[in-house]
Structure formats: structure tokens, C-alpha cells
Amino acid sequence: MNTIKNNNVKTFKDRLHSSMQGLSVSAFAKKCDMSETVIRDYLSGKTYPSLTRLEVIAEKCNVSFNWLATGHRLEFVDSKNDEDVYNENIYRIPVYKKQLPTKEEAQKERFVRETPPVMNYPIIEGWVKHRGLDAKKLIIYWAKGDLMSPEIKNNNGLILNTEVSDIVDGAIYLIEYEDITFLRKVRLTLDGWLLICNNSQHPTIEVPKADFHKYHIVGRVVLIIKDIY
């Protein structure tokens, strides 16, 4: 029986190791919301991730999905198509005053209010379409505090999709409860939700189905904006 050799699959473990940027297996597994055993199997070459898990790893590591999966980078488009590229539409996401809270405000106030925007954040139409999003449903929120650190740090900008039909297990959401707003990773259970933060100093919140109406899901985090100093 003939076998097909794929050297790119063989070297996936090397690309994965490079993408970890010095993180331990434990820390990297937590960052990608996967088990240490799964990551160790990938690094040893014992198993290879599914397309869904490849997409998660690529997004968490801010690397190209194509490179991570195949070892090849996408080529630049031909110059004859440059005009189409540079003329691609740009959407502008409004940023409202209460979406730029101080740390004190973050502990006691709601932020998403229909006030006049103080600035706009530009995003490319192609990215919006690639993610299957509606630009009119996107807002920006600046994170405060260390609840979701190191994944989301203080003052990181977050693009949120406010079109929430179904809760995605393991996704991060901006949630309003009474007079406070906070970020949490949502885990689905048979009895309701678990609202989890990355900082172990803060407890997990258990929300039974009977209390769902008390929590307003503002939006799901679809992009993290980080300043490089």
C-alpha cells in the first residue's frame, strides 16, 4: 500500500512549539482552553488537531491559520488586484463614553449606553465578512481590571458582537448584572451557566436557569485589541 508523506504535518509540532512563545504546556493549555494531555500529544506528534482546534490555537496565538496548519504563508495578491484591495470598505465602530471606564467605574457602573460616540474604531469589511458578523451589531469595550488576565489585560480593547442568539460554550462575554458589568467565560451545564474568570482570586459564579433573566448578555468577544509599547 502506498503512503503519502506530508512533511508539513510532521513539522506541525515545531510550529506549535514556536507559537507557544515560551509558555509552559500548562499555561498554554489554559490559554487555549484545552487539556494538557491534548497539547502534549500535539507537541509529541502523536495526534494532530482538528480544523476547529487549529482555528482556536491560531486565534489565541495571533498567528496565521494557514501557516499553522500547512507551514505555508498566503501569497500577496497580484498587483492588478491592488485597486480592489485598497478600495475595500472600512466600517467604523462607535465607541461611547461609558465604554471607556475608569477602574472605579468598572466596579460599579454599566457602560453600554446610547450616548453620543466619542470616537470610532475602523475595521476592514473583509474581516467582518470572514467572521460572518454584522458590522452594525459590533461595539467596542475597554476592559478594566485583571479578571480575565492574562488572556485579556487591563485597558485591552474588545470588539463585541451584540447579536447574541445562542450562548457559545467557552466564549467570553460582557455581562450586565444589576448595576455592574463584567467579563466572564461562560460554560454551559445541565443546570445553567458557570461564569468563569481566569484570575483564581475571583470565584466562579453559578447561574441556574431560573436566574437567566437577571443577567443581560451585552455581547460576545470576537477580537482583542492590544497596544504594543
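Phe12 counts as buried, at 1% relative accessibility. Buried means under 20% relative accessible area, exposed means over 50%, and partly exposed lies in between, for a 1.4 Å probe and protein chains only. The model is predicted, so local features need pLDDT of at least 70, side-chain atom pairs count only at pLDDT 80 or more, and totals for chains, interfaces and linings use all residues. Residues are numbered from 1 along each chain as its sequence is written, and side-chain values use heavy atoms, with hydrogens and water left out.

The protein chain has nine helices and nine strands. Helices (H or I, at least four residues) and strands (E, at least two) are DSSP runs, numbered from the N terminus. Of the 229 residues of the protein chain, 34% count as buried. Contact means heavy atoms within 4.5 Å. Among contacts in the protein chain with a separation of 6 or more, 54% come from residues 24 or more positions apart.

The structure holds four aromatic pairs. Rings of Phe, Tyr and Trp (its six-membered ring) pair if their centres lie within 6.5 Å. Planes under 30 degrees apart count as stacked, planes over 60 as edge-to-face, and the rest as tilted. One of the pairs joins Phe12 and Tyr42. This pair is edge-to-face, with 6.3 Å centre to centre and 80 degrees between the planes. Phe12 lies in helix α2 and Tyr42 in helix α4, so the pair ties together parts that are 30 residues apart in sequence. Tyr42 is buried, with a relative accessible area of 4%. Phe12 also forms an edge-to-face pair with Tyr48. Here the centres are 4.9 Å apart and the planes make 70 degrees. This second pair links distant parts of the chain: Phe12 is in helix α2, whereas Tyr48 is in the loop between α4 and α5 (51-61), 36 residues away. Tyr48 counts as partly exposed, at 34% relative accessibility. Through these ring pairs, Phe12, Tyr42 and Tyr48 are linked into a cluster.

Two packed helices are described by the angle between their axes and the distance between the axes. The axes of α2 (residues 12-19) and α4 (residues 36-44) come within 7 Å and cross at roughly 125 degrees. That makes α2 oblique to α4. Axes are lines fitted to C-alpha atoms, for helices over the stretch in contact, and angles run from 0 to 180 degrees between N-to-C directions. Angles under 35 degrees count as roughly parallel, over 145 as roughly antiparallel, 65 to 115 as roughly perpendicular and the rest as oblique. On the α2 side, Phe12, Lys13, Leu16 and His17 meet Tyr42, Leu43 and Ser44 of α4. By class, this contact of α2 with α4 has four nonpolar, two polar and one charged residues. Ala, Val, Leu, Ile, Met, Phe, Trp, Tyr, Cys and Pro count as nonpolar, Asp, Glu, Lys and Arg as charged, and the others, Gly among them, as polar.

Phe28, Lys31 and Cys32 of α3 make the contact with Val56, Ile57, Lys60 and Cys61 of α5. This contact has five nonpolar, no polar and two charged residues.

A nonpolar core is a set of buried Ala, Val, Leu, Ile, Met, Phe, Trp, Tyr and Cys residues joined through side-chain atoms within 4.5 Å. The largest such core has 18 residues, of which Phe28, Ile39, Tyr42, Ile57 and Leu68 touch the most other members. Helices α2, α3 (25-32), α4, α5 and α6 (65-70) each supply at least two residues of this core. Beyond its neighbours within four places in sequence, Tyr42 is in contact with residues including Met34, Thr47, Pro49, Arg53 and Ile57. A second, separate core of 13 residues includes Ala143, Met148, Ile172 and Leu183.

Some backbone angles stand out. Most residues other than glycine have a negative phi, and most peptide bonds are trans. The peptide bond from Ser149 to Pro150 is cis, with omega near 5 degrees. Pro150 is in the loop between β3 (138-142) and β4 (157-161). Asn155 is also found in the loop between β3 and β4, and its phi is positive, near 75 degrees. Asp33, in the loop between α3 and α4, has a positive phi near 60 degrees.
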